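Colleague: I would like to go through this model and ask what stands behind the terms used for it.

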Amino acid sequence: FETEKRKREMVSNAQFQGAVENLVHLAAHKLDQAVDYENDRLDEKIKKLENMDDDDLERLRERRLAELKNKAQQLQMNRVKGHGEYREVADTKQFFEECKQSDRVVVHFCRSTTWRCQIMDKHLRILAPKHLETKFIHVDGEKNPFLSEKLRITMLPSVVLIKNGKTDHTIIGFDEMGGDDDFPTENLEWILHSRGMIDGEMSAPESPRSRMKGKTTVAHKSLRQDHDDSDDDGWESN
């Protein structure tokens, strides 16, 4: 009986090893195919450049200059619209005007006396002049209850991401950045990039969740909770 059991185990192990080897060979084959494809694309681009005459190169140069000129003009127009600054929006009318002017708007719903809102302010002030393609504004949710209700703001701080006049996503509190108060600006920047709110090439930062190990995080409170101390995220005070 023991001999038969050993034989079955040996067969099972051999089958498992064979399956693993097949998967490794398949993955290697797929990788080789991908490398070959990219090499072919690169070779094709090189051949096109080699076959270009002076007129082709001049047209390519003119097209590139036109693209750079258009980009510079767009950045200048964005500055006129208030891009590059982190500004406060005072009321509902101004809010809708700001969102109508720009395709991408990052809106921080906050309260000046809530210290986690101050932390978020610090990061957004850094990002605003760095990403002129996007508008960065902040709204006092306590003074604008209509907007808060319309955009379903229930926690502070909340950062609403608006694309083409529509809400795309809301970052509630600090959880997406790692959950603690000293998260780096790069974590917030990566979230905005992954949501298509800002341009440029970026590498994913260290996993935000890994920064939470061994740390105690403070839960963000509801808007409707009583305001018993200065660290409360609620709006209603006693």
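Colleague: What is the order of the strands in the open sheet, and how do they pair?

Modeller: This is a predicted model. Its open sheet has 5 strands in the order β1-β3-β2-β4-β5, and the pairing is mixed. From one strand to the next the twist averages 25 degrees.

Colleague: What makes β1 and β5 edge strands?

Modeller: β1 (86–89) and β5 (166–172) each pair on one side only.

Colleague: How do you know that β1 and β3 pair, and in which sense?

Modeller: Pairing needs at least two bridges. β1 and β3 (residues 135–140) have 4 bridges, so they count as paired, in the parallel sense. Within this pair, Arg 87 stands opposite Ile 137 in β3.

Colleague: How do you know that β4 pairs with β2 and with β5?

Modeller: β2 and β4 share 6 bridges and are antiparallel. Another 6 bridges join β4 to β5, also antiparallel. Each count meets the cut-off of at least two, so both are pairs. Ile 162 in β4 stands opposite Val 105 and opposite Thr 167 in β5.

Colleague: Why is β4 called mostly covered?

Modeller: A residue is buried when its relative accessible area is under 20%. In β4, 5 of the 6 residues are buried, so the strand is called mostly covered.

Colleague: What makes you say that helix α3 packs on the sheet?

Modeller: Contact means heavy atoms within 4.5 Å. Helix α3 (residues 92–101) touches β1, β2, β3 and β4, so it is said to pack on the sheet. Its direction makes about 140 degrees with that of β1.

How values were computed: Residues numbered from 1 in each chain as written. Predicted model: local features only at pLDDT ≥ 70, side-chain atom pairs only at ≥ 80, totals over all residues. Heavy atoms only, no water. Axes fitted to C-alpha atoms, helices over the stretch in contact; angles between N-to-C directions. Buried < 20%, exposed > 50% of the residue type's maximum accessible area, 1.4 Å probe, protein only.
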